[in-house]
Amino acid sequence: MEINCETIKHLAELSNFSLSEAEMEVLGGNLQDIIGYISQLDELETGDVQPTYQVFEMENVWREDEILEQDANREALLALSKETEDHQIKVPRVL
């Protein structure tokens, strides 16, 4: 794949980048090197290789939700606030 000036301008526009001519030349060389490196993968024989969906032996662990007893109760927590109303902590108006 050939990376030309138009391709770099298009990618810069899609990425909302502003590039100078010098930056576009450097970026074009870098992109060409990256594509060349990745194209080496085409030389590998992968016909007998199974697709890998997960690299690590991970699995989702499901557990039951359980409500643990707490040391504090509602009344004790409300007693810590300066002002309460209808079993709720009253705070200063924001708007």
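The structure is a predicted model, in which local features need pLDDT of at least 70, side-chain atom pairs count only at pLDDT 80 or more, and totals for chains, interfaces and linings use all residues. Residues are numbered from 1 along each chain as its sequence is written, and side-chain values use heavy atoms, with hydrogens and water left out. Helices (H or I, at least four residues) and strands (E, at least two) are DSSP runs, numbered from the N terminus.

Within α2, Met 24, Gly 28 and Leu 31 are buried, where buried means under 20% relative accessible area, exposed over 50%, and partly exposed in between (1.4 Å probe, protein chains only). They cover an arc of only 70° around the axis, which puts them on the same side of α2; the arc is that of the directions from the helix axis to the C-beta atoms. An α-helix has 3.6 residues a turn, so residues three or four places apart point the same way. On the face turned away from the buried side of α2 sit the exposed residues Ala 22, Glu 25, Val 26, Asp 33 and Tyr 37.

The partner of this buried side is α1 (5–15), against which the buried residues of α2 pack. The two helices, α1 and α2, meet at an angle of about 100°, with their axes 10 Å apart. Here axes are lines fitted to C-alpha atoms, for helices over the stretch in contact, and angles run from 0 to 180 degrees between N-to-C directions. Helices α1 and α2 are therefore roughly perpendicular to each other, a label given to angles of 65 to 115 degrees, while those under 35 count as roughly parallel, those over 145 as roughly antiparallel and the rest as oblique. Cys 5, Ile 8, Lys 9 and Leu 11 of α1 make the contact with Met 24, Leu 27, Gly 28 and Leu 31 of α2, contact meaning heavy atoms within 4.5 Å.

Gly 29, in helix α2, is partly exposed, with a relative accessible area of 33%. Its C-alpha is 66 Å from that of Glu 83, 54 residues apart in sequence. Ile 38 also belongs to helix α2 and, at 48% relative accessibility, counts as partly exposed. Between the C-alpha atoms of Ile 38 and Glu 59, 21 residues apart along the chain, the separation is 31 Å.

Further along, helix α3 (residues 74–79) holds Leu 78, which is buried with a relative accessible area of 16%. Leaving aside residues up to four places away in sequence, Leu 78 touches Thr 84, His 87, Gln 88 and Ile 89.

Most residues other than glycine have a negative phi. His 87, however, has a positive phi of about 60° although it is not a glycine. This residue lies in the loop between β1 (84–85) and β2 (88–89) and, at 60% relative accessibility, counts as exposed. Asn 16 likewise has a positive phi, near 60°; Asn 16 is in the loop between α1 and α2 and is exposed, with a relative accessible area of 71%.
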